[in-house]
Every structure is written in structure tokens, then in C-alpha cells.
Amino acid sequence: MIEKTELFTRSIGTETDVVSKEMYTFVDKGEDSVTLRPEGTAGVVRAFVEHGVAQTDPKTRWWYLGPMFRRERPQKGRYRQFWQLGAEAFGQGSARVDAEMLAMLRDLFEACALPGVAFHVASIGDAKCRPAYKAKLQEFLRGRADRLCEDCARRIETNPLRVLDCKKEGCRAATQDAPRLMAHLCDECRAHFEELRRSLDLLKVAYEVDDRIVRGLDYYVRTTFELLHTGEGLGSQNAVGGGGRYDGLVQDLGGPPVPGVGFALGMERLVLALEARGAAVKAGPDAFLAPMGAAAVERAMVLARELRTAGLRVDMDYDGKKLGKTLERADKAGARAAVILGEDELARGEAKVKTLATGEETFVPLADLATALQR
Ligand code: HAM
């Protein structure tokens, strides 16, 4: 969660918003400057290099889920601590791997019934073609500096590509006919992008080519993508994920020349998108045990443990008194079923299982309870 600050300045780039404005950086006991990680890729690459993984496992895939930190202006869908789910694939430069990753993301969105995500893809070239394009863009922008906002006027010299990504009306109008990187790719980058398109078609992954994509991190080469939620619920923070290729990064951070590609999803934004379409995002327990009387509470404690061991999520009431109150709690917790353990039921070795959504009740032998409660 904490890395040396230098890791991020070297990988994400000093001129990016993330590094220049958004990192939580402090000095640890007067020794090192450390930073709460603003994203996951840099740390994954650091670990990949530090543990010499390229020697033992040259084609390896990684994933992570955890909190990231950026000092951004908080608003809906944009937080100072947020969670990313990410994956990285090392050792394969082919655009087929990029397509496979996008196909996996498409399947993930389908699996959580979130079809309204547009996949915007682009190529942002490499060290061979980007410098010449950058110079061309700078020349174009210098001629229009007076029409750009203060930030963008400064970016002409420091990070000209970011100017194309400015949301301000004036800047968008001023750059409408700016030269586009996609029209200035070298032969290798163009072939790589065509391979990506062919592979996406082969895998039937729908996408749009978007030559305005400018990722806010400097390590990208060639393939970049943004996953934009098109439905209700997210407002302006509609990027549910993003990623791309970073073929030079392992080497920049002291490793061998190993290509890499990956993505990260913003978990809070995914949850907002799911909520907006009415999905029940919070899963309640599978069963809420409602014992009546002290002996039943003790029996329920043992039963709860057995059911949890069988893989069920179980909550219970420890007072054993008011059934009505316990059923209310079970309902509020979003439990699927209440398991009522009264003296009569226990004497027969049974429980009364009430499905909370329908109110339907059945008697189930205690020995069969785990099976009966499985979804
Ligand atoms: P990113 O586009 O900076 O990429 O972040 C990925 C996703 O994290 C965004 O699309 C968004 O959903 C979420 N996110 C970013 N900032 C915030 C925030 N302040 N609040 C809530 N959600 C946020 C990366 O971080 C790259 N490391 C992705 C990658 C992996 N590229 C290659 N491998």
C-alpha cells in the first residue's frame, strides 16, 4: 500500500496530475519519501522486478484488489480512497493478449448484467512515433495558446497530449482540428493496432476507436482503453475502468525488457452502476437462525458453526426470546431464510425454514439443513 515515492515519479511521470497534485507523500522517520499508492501497476512491476520473476516465469499473469489513494476533489464516484480490481499480463507483446483481456472484461460485465459499458480503444504509439507527433501537436497548440485555459497553456510545454483531454468547452473547441496521434503511428504501432481490432472482431467484443483517449499515466505505449458506463448513475465520473500496454516499464524500473498489459476497474463506480440499475449489491446472510429459549440458543450456536463450515453465510440471535423481533432483524439483514428453532421443532430434530421473500415455510430435518439452504 506504501511505496517509495520515486517508484511513482519514475513510472507514472512527474508531469501527470496524479504525481504532480494527487499523491499522499510524506517522509518516513526522516529517511525515505514514501507515498500511498495512487494505482496498482507500478507496485506490481516493482514486485515483478524485485523478485526476478522474468527468469522463472517469463509469461505470467497477476491480479490485485485493494485500496488506492488520490488527493482528488471528492464527488460522486470520485474518492480519495477507492478500490481497484486490476490484472496485469507480463511477457507477451502481442495485441492478441490485449484483446483477450478486453474479452474477459466484457464477460465480467455480462456476468454482472451490466451491458451498458462502452469500450473505447486507441493506440498512443511508442517511443518511435510519439516524439514526432508531440512536436507537431506542440506547434499546433502554440498557435492557439490564447484560446486555451491556464492549465492547458502550461501543458503545451510539459504534457501536450493532456490538452486534448481537457473537458473545458474553450479547450475542446480550440483543439477540434488538432493533429491526432492515431494518424501519425509508425508502421509497427499501426500493425499492432490492426491486430488488436482483428482479434476483438474475432472474439466478438464490441468497441469504438476513440482518438481522444489520453490516459493520465505516462507509462502507456500502443494499446490504451477506457471503459465508459453509458447508463444512469455515474454522472461525469463514468469511467468504470481503464488500462493498456506498458512495454517499456519493466525495463525503466530496472528489469529486463519485458512487455506488459493490464487494466484496473474502479469498484465504487461499478457498485454505483449496479445500484443504478436496481441490482441488490449487498448480499445478506443465507440464513438467520432464530432460536426460542436458552437450550435452543445453544443448539443454534453449534448449528451456525456447522452451516458456516458447509460454506453458508449465517447470522443468528443470541437472546432466544422474541421471535417477531428476530424475524424483523433477519429481514433487515437481507437474509434469504430464517431458520426457526423452537422447542417442538428441536424435539423432533427439525427446524422451520421460512423463505423471507415469499413467506413460505417448510420443516427440514436438522441433518438436511445445509443442503436445503444452499442456493
Ligand atoms: P486509471 O484509469 O487511473 O488506471 O484508474 C482505473 C479506474 O480506477 C478508473 O477507470 C476509475 O474507475 C477508478 N478510479 C480512479 N480514480 C478514482 C477515484 N478517485 N475514485 C474512484 N475511482 C477511481 C490505472 O490506475 C491503471 N493502473 C490501470 C492499469 C492497469 N493500466 C495497466 N494496468
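User: Which domains does the domain assignment give for this protein?

Analyst: In this predicted model, the domain assignment gives domain 1, made up of 2–129 + 185–276, and domain 2, which covers 287–373.

User: And what separates the centres of domain 1 and domain 2?

Analyst: Taken over C-alpha atoms, the centres of domain 1 and domain 2 are 45 Å from each other.

User: On to the ligand. Which residues around it come nearest?

Analyst: There are 27 residues around the ligand, and the nearest of them are Glu39, Glu72, Tyr79, Tyr220 and Ala239.

User: Where do backbone N or O atoms lie against ligand atoms?

Analyst: A backbone N or O atom of Tyr79 lies 2.8 Å from a nitrogen atom of the ligand, while for Ala239 a backbone N or O atom is found 2.8 Å from an oxygen atom of the ligand. Phe263 also places a backbone N or O atom 3.3 Å from a ligand nitrogen atom.

User: How much of the ligand does the protein bury?

Analyst: Taken alone, the ligand exposes 660 Å², and the protein buries 95% of that area.

User: Which elements give two or more residues to the shell around the ligand?

Analyst: Those elements are β5, β9 (239–245) and β10 (260–266). The largest share of the shell comes from β9, which supplies 6 residues.

User: Changing topic to aromatics: how many aromatic pairs does the structure hold?

Analyst: The structure holds 7 aromatic pairs.

User: Which parts does the pair of Trp62 and Phe90 tie together?

Analyst: Trp62 belongs to strand β4 (residues 61–69) and Phe90 to strand β5 (residues 81–90), so the pair links parts that are 28 residues apart in sequence.

User: Which residues form the aromatic cluster?

Analyst: One aromatic cluster is formed by Phe48, Trp62, Phe90, Tyr219, Tyr220 and Tyr246. Tyr220 in that cluster is also among the residues that come nearest to the ligand.

User: What about charges, which rings have an arginine over them?

Analyst: The charged end of Arg71 sits over the ring of Tyr24, at 4.5 Å from the centre of that ring. Arg348 likewise lies over the face of Phe363, and here the distance to the ring centre is 5.2 Å.

User: Now backbone geometry. Which residues other than glycine have a positive phi?

Analyst: Lys29 is one of them, with a positive phi of about 45° although it is not a glycine, and Arg222 is another, with phi near 55°.

User: Where are Lys29 and Arg222, and are they buried or exposed?

Analyst: Lys29 is placed in the loop between β2 (24–28) and β3 (32–36), and its relative accessible area of 78% makes Lys29 exposed. Arg222, in contrast, is found in strand β8 and is buried, with a relative accessible area of 16%.

User: Where is Asp126, and what does its side chain reach?

Analyst: Asp126 is found in the loop between β6 (117–123) and α6 (130–142), where its side chain reaches the backbone nitrogen of Lys128 at 2.9 Å.

User: Last one: where is Arg46 placed?

Analyst: Arg46 is placed in helix α3 (residues 41–50), and with a relative accessible area of 29% Arg46 is partly exposed. Between the C-alpha atoms of Arg46 and Asp165, which are 119 residues apart along the chain, the separation is 29 Å.

Key:
Residues are numbered from 1 along each chain as its sequence is written. This is a predicted model: local features need pLDDT of at least 70, side-chain atom pairs count only at pLDDT 80 or more; totals for chains, interfaces and linings use all residues. Side-chain values use heavy atoms; hydrogens and water are left out. Rings of Phe, Tyr and Trp (its six-membered ring) pair if their centres lie within 6.5 Å; planes under 30 degrees apart count as stacked, over 60 as edge-to-face and the rest as tilted. Helices (H or I, at least four residues) and strands (E, at least two) are DSSP runs, numbered from the N terminus. A charge sits over a ring if NZ of Lys or CZ of Arg is within 6 Å of the ring centre and within 35 degrees of the ring normal. Domain bounds come from an automatic or database domain assignment. A residue is near a molecule or strand if one of its heavy atoms lies within 4 Å of it. A polar contact is a pair of N or O atoms within 3.5 Å; within protein, one must be able to donate a hydrogen and the other to accept it, and residues adjacent in sequence count only if both atoms are side-chain atoms. Accessible areas come from the Shrake-Rupley method with a 1.4 Å probe; for residues, only the protein chains shown count as cover. Buried means under 20% relative accessible area, exposed over 50%, partly exposed in between (1.4 Å probe, protein chains only).
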